[in-house]
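Subject: Structure handover

Dear colleague,

Here is the structure I said I would pass on. My notes on it follow below.

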Amino acid sequence: MFNRFAVFTTMLWAAVLSSTPNLKAQQSEVKNIVLVHGAWVDGSGWRGVHDNLVRDGFNVSIVQEPETSFKEDVDATKRVLARQDGPCILVAHSYGGAIITEAATDPSVAGLV
């Protein structure tokens, strides 16, 4: 049930955000989506969401945070952000929400889901 809800919610936000101007008032659409998992799981839980978004033309990355400390988890997310080629949306569930809130200070972040 959660997986279907996560897929639906992520796709809905991606569709809304890709059809409107970038939240940072830039001319290009947001095509980069970075997915961050919660505690005690890994990035493979995002596979279904990843596949659907890629099929819809988005550039999607899944962060595999080490879960050794909050700082190292944020750093792992920021490393993935640094590899993006433009503005991006950070998407998370559970503990990942705290990670993306901290990582959102990166200037490439256009929004959080």
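How many salt bridges does the structure hold? There are three, in what is a predicted model.

Another pairs Arg-47 with Asp-51, where the closest N and O atoms are 3.5 Å apart. Both residues belong to helix α2 and sit four residues apart, about one turn of the helix. Arg-47 has a relative accessible area of 43%, so it counts as partly exposed; Asp-51 is also partly exposed, at 33%.

The remaining pair is Asp-75 and Lys-71, whose side chains meet at 2.8 Å, N to O. Here the two residues lie in helix α3, again four residues apart and about one turn of the helix. Lys-71 is exposed, with a relative accessible area of 58%, whereas Asp-75 is partly exposed at 25%.

Now the overall layout. The chain has four helices and four strands, and from the N terminus they run α-β-α-β-α-β-α-β. Of its 113 residues, 43% are buried. Among contacts with a separation of 6 or more, 64% are between residues 24 or more positions apart.

Next, the interior. In soluble globular proteins, nonpolar side chains tend to be buried together. The largest nonpolar core in this model has 14 residues, and Val-34, Val-36, Val-63, Leu-81, Leu-90, Ile-100 and Ala-103 have the most contacts inside it. At least two residues of this core come from each of β1 (32-36), α3 (70-82), β3 (88-92) and α4 (96-103). The element that gives the most is α3, with four residues.

Leaving aside residues up to four places away in sequence, Ile-100 touches Val-36, Leu-90, Val-91, Ala-92, Leu-112 and Val-113. Apart from this core lies another, of eleven residues, including Ile-33, Leu-35, Leu-53 and Ala-110.

Leu-53 is also one of the buried residues of helix α2 (residues 47-55), along with Val-49, His-50 and Asn-52. After α2 comes Gly-57, which has a positive phi, near 95°.

Regards

Definitions and conventions: Residues are numbered from 1 along each chain as its sequence is written. This is a predicted model: local features need pLDDT of at least 70, side-chain atom pairs count only at pLDDT 80 or more; totals for chains, interfaces and linings use all residues. Side-chain values use heavy atoms; hydrogens and water are left out. Buried means under 20% relative accessible area, exposed over 50%, partly exposed in between (1.4 Å probe, protein chains only). Contact means heavy atoms within 4.5 Å. A nonpolar core is a set of buried Ala, Val, Leu, Ile, Met, Phe, Trp, Tyr and Cys residues joined through side-chain atoms within 4.5 Å. A salt bridge is a side-chain nitrogen of Lys or Arg within 4 Å of a carboxyl oxygen of Asp or Glu.
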